[in-house]
Amino acid sequence: VKKKFTKTTKHETKDFAAALTAFATKFRLHGPGSVGDDLDTGLEILGKFENELEEFERKRQELANAEKLFDLSITMHPELLSLQKEMKGLRQIYDIYKAQRVAKEEWSETLWADLNVQLLQEGIDGFLKAFRKLPKDVRNLSVGFHLESQMKEFKESIPLLLDLKHEALRERHWRTLMARTGTEFEMRADTFTLENMFAMQLHKYTEVIGDIVTAAVKELSIEKGVKEVVDTWESMKFTVQKYYKGTQDRGYILGSVDEILQILDDNAMNLQSMAGSRFVGPFLTTVQEWEKSLSLIGEVIAVWLVVQRKWMYLESIFIGGDIRSQLPEEAKKFDNIDRIFKKIMSETVKDPVISRCCQASNRLTNLKNLCEGLEKCQ
């Protein structure tokens, strides 16, 4: 009987070794360590291979007990030990992979508006630290390499998230980003989550994001510059003052415009510089419109000052002097000019905002006509 069982045990040991070799081949070719960067699949099949390996260990112990019972030398199965060692390493890698996957799933539900870069940074650093504590031979496994690469890529994408948080980014920049990364999402504050950002695999687009953010920052600078010009000229007013001849009130005239002209020159130079920038695109129309407006304002003020100076000179001659009776035709012409000039000045008193005064309908033409008329009266 002992002989029979001894023979059976030897057969079973031989069959066990053959089955183990077949399992080892399957493990190397199709096991959780052979999945490349598809760690989700690796995690899925890990348990199945672990169970099979545990079954081999149970069977090995059974055979070892039988060998001991029949005074046979205990068969060593180095391949089994090797597989167990590798499986233990794979389990350590996949535990970290699973934990960081769960963390990422939680992070991905965060609204973009609530982005906490520090939380992501500390989280991924923790997983990388845990990975680096693993034995070198475990870290060097193929899936270990892929796990570390994926975690590093995620870490590299965090500063890019911060870049994309820049106040300069407008919807047009997000549209460009979607086009360049081949993704599509709706930028709604109440629904836009980090999941959309993770899906873009930002680490692949470091240069693209750099270009977009640089353009956005430069454009913001132009946007602010344009706004400054617009705000200035939508509120800047003429100083209008009473004009007296002795104690006689003779109407209104413009006060000093030196500061206005200085600001006008500065703003015109700034607009010219903006128009020459390769980032002016979204604001080109506005910049060009304001260049025209400032040019017109400058021209109107120049003519206005000439008219005012001539009017003040001739007003002292024609109003209440003997010259009226000597030059009745010129006096009549001056009276007409005087009426129009005073009308312009009374409108200016009511609304002294420079851009509206200078761009009022036919203002430049009317002032030029007044200038010519005054020239003829002299």
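## Salt bridges: the rule and the count

A salt bridge, as the term is used here, is a side-chain nitrogen of Lys or Arg within 4 Å of a carboxyl oxygen of Asp or Glu. By this rule the count comes to 29 salt bridges. The structure is a predicted model, where local features need pLDDT of at least 70, side-chain atom pairs count only at pLDDT 80 or more, and totals for chains, interfaces and linings use all residues. Residues are numbered from 1 along each chain as its sequence is written, and side-chain values use heavy atoms, with hydrogens and water left out.

## A pair inside one helix

Let's begin with Lys152 and Glu148. Their side chains meet in a salt bridge, with 3.7 Å from N to O. Why are Lys152 and Glu148 separated by about one helical turn? Because they are four residues apart in helix H6 (residues 142–164). Helices here are DSSP runs of H or I with at least four residues, strands are runs of E with at least two, and both are numbered from the N terminus.

## A pair that links separate parts

Another salt bridge joins Glu167 and Lys224, and here the closest N and O atoms are 3.6 Å apart. Glu167 lies in the loop between H6 and helix H7 (171–181) and Lys224 in helix H9 (residues 206–235), so the pair ties together parts that are 57 residues apart in sequence. Are the two partners buried or exposed? Glu167 counts as exposed at 52% relative accessibility, and Lys224 is partly exposed, with a relative accessible area of 47%.

Salt bridges can also be linked into a network, as happens with Glu55, Arg58, Lys59 and Glu62.

Now look at strand S1 (residues 240–245) and strand S2 (residues 248–254). They run antiparallel and are joined by five bridges; for two strands to pair, DSSP must find at least two bridges between them. Which residues face each other across the hairpin? Tyr244 stands opposite Asp249 in S2, and Gln241 stands opposite Ile253 in S2. There are two residues between the strands, and Gly246 of this hairpin takes a positive phi near 65°.

Asp249 also has a charged partner: its side chain meets that of Lys242 in a salt bridge, with 2.6 Å from N to O. Asp249 counts as partly exposed at 41% relative accessibility, and Lys242 is partly exposed too, with a relative accessible area of 36%.

## Positive phi without glycine

Most residues other than glycine have a negative phi. Gln201 has a positive phi of about 50° although it is not a glycine. Gln201 is found in the loop between helix H8 (194–199) and H9, and it is partly exposed, with a relative accessible area of 38%.

Asn362 is also not a glycine, yet has a positive phi of about 60°. Its place is the loop between helix H14 (354–358) and helix H15 (363–377).

## Buried residues and distances

Which helix holds Gly89? Gly89 is found in helix H3, and at 1% relative accessibility it counts as buried. Gly89 and Asp137 are 48 residues apart in sequence and 8.3 Å apart in space, C-alpha to C-alpha.

Leu128, in helix H4 (residues 117–132), is buried as well, at 2% relative accessibility. Leu128 and His11 are 117 residues apart in sequence, and their C-alpha atoms are 48 Å apart in space.

Glu105, Glu106, Glu109 and Glu195 form a negative surface patch. A patch is made of residues with over 30% relative accessible area and no salt bridge, where like charges are joined within 9 Å and nonpolar side chains (Val, Leu, Ile, Met, Phe, Trp, Tyr) within 5 Å. Lys and Arg count as positive and Asp and Glu as negative, while His and the chain ends are not counted.

Note on methods: Areas by Shrake-Rupley, 256 points an atom, 1.4 Å probe, with all protein chains shown as cover. Charge placed at Lys NZ, Arg CZ, Asp CG, Glu CD. Buried < 20%, exposed > 50% of the residue type's maximum accessible area, 1.4 Å probe, protein only.
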